[in-house]
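Hi everyone, thanks for making time this morning. I'd like to walk you through one structure, so please have a look at the screen.

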Amino acid sequence: MIQRVTVPGLFPPPTYAHASVVEAGTRLAFLAGSVPLDGEGRLVGEGDPVRQAEQVIANLTEQLRAVGSGLSHVLSTEVYVVSTEPGTLAAVWEVVEASGLSAGPHSSTLLGVSCLGYPGQSVEITATAEVPDDAPADATITAVPDSAATNADVTRREHP
């Protein structure tokens, strides 16, 4: 069971929760940063943080689907934007809100940073999500035992 908490006495967050409490036994997915690259590894939306945020959300949606989850099951995100301008951060946050992530609402941090990992990249989102027991994972994803795991071949691991 997931409990999303808005703390009395703190400023009420507009579209996110102050905290999420996860009951023991809940399956969680810890997702690597979703980046604005297409399936061929090409940067999408160079110079356009809003377009990059849209691609990041699309990629995050695919990551979640692959593990049997979805945007509404996201518990926490970190949104990184290469900018020092509050308006740019707000524009990226509008994409996050429109995506369905705020339907949870999830706990989130929005950060302006100086650079990210790919040339021209201006947005990245990391996430932690619940994986519902009744939601099947993508059939194309195969589990790799921990002893054989490498960064190149693991996208999902089965839990005992």
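Let me start with a question: with which residue does Arg-65 form a salt bridge, and how far apart are the closest N and O atoms? The partner is Glu-62, and the closest N and O atoms are 2.6 Å apart. Both Arg-65 and Glu-62 sit in helix H1, three residues apart, which is about one turn of the helix. As for accessibility, Arg-65 is partly exposed at 40%, and Glu-62 is partly exposed at 40% too.

Before going on, a word about confidence. This is a predicted model. The average pLDDT is 84, and 84% of the residues score at least 70. Over residues 142-160, however, the pLDDT is below 50, and this stretch has 20 contacts in the model beyond near neighbours in sequence.

Back to the charged pairs. The count of salt bridges comes to three. Helix H1 also holds Glu-54 and Arg-51, again three residues apart, or about one turn of the helix. Their side chains meet in a salt bridge at 3.7 Å, N to O. Glu-54 is partly exposed, with 39% relative accessibility, and Arg-51 is partly exposed at 32%. Then there is the salt bridge between the side chains of Asp-38 and Arg-42, at 3.0 Å from N to O. Why is Asp-38 called partly exposed? Because its relative accessibility is 22%, and buried would need a value under 20%.

Now to the inside. In soluble globular proteins, nonpolar side chains tend to be buried together. Here the largest nonpolar core has 23 residues, and those touching the most other members are Leu-60, Leu-64, Val-79, Leu-101 and Ile-125. Helix H1 (49-66) and helix H2 (86-98) each supply at least two residues of this core, as do strands E3 (28-34), E4 (74-82) and E6 (123-130). Take Leu-101 as an example: leaving aside residues up to four places away in sequence, Leu-101 touches Ile-57, Leu-60, Leu-71, Val-74, Thr-77, Val-96 and His-106.

One last stop, at Thr-26, in the loop between strand E2 (19-22) and E3. Is Thr-26 buried or exposed? Thr-26 is buried, because its relative accessible area is 18%, and the cut-off is under 20%. A polar atom of the Thr-26 side chain lies 2.9 Å from the backbone oxygen of Glu-23. Not counting residues up to four places away in sequence, Thr-26 touches Met-1, Ile-2 and Glu-130.

That's my tour, and I'm happy to take questions.

Definitions and conventions:
Residues are numbered from 1 along each chain as its sequence is written. This is a predicted model: local features need pLDDT of at least 70, side-chain atom pairs count only at pLDDT 80 or more; totals for chains, interfaces and linings use all residues. Side-chain values use heavy atoms; hydrogens and water are left out. pLDDT is the predictor's confidence in each residue, from 0 to 100. Contact means heavy atoms within 4.5 Å. A nonpolar core is a set of buried Ala, Val, Leu, Ile, Met, Phe, Trp, Tyr and Cys residues joined through side-chain atoms within 4.5 Å. Buried means under 20% relative accessible area, exposed over 50%, partly exposed in between (1.4 Å probe, protein chains only). Helices (H or I, at least four residues) and strands (E, at least two) are DSSP runs, numbered from the N terminus. A polar contact is a pair of N or O atoms within 3.5 Å; within protein, one must be able to donate a hydrogen and the other to accept it, and residues adjacent in sequence count only if both atoms are side-chain atoms. A salt bridge is a side-chain nitrogen of Lys or Arg within 4 Å of a carboxyl oxygen of Asp or Glu.
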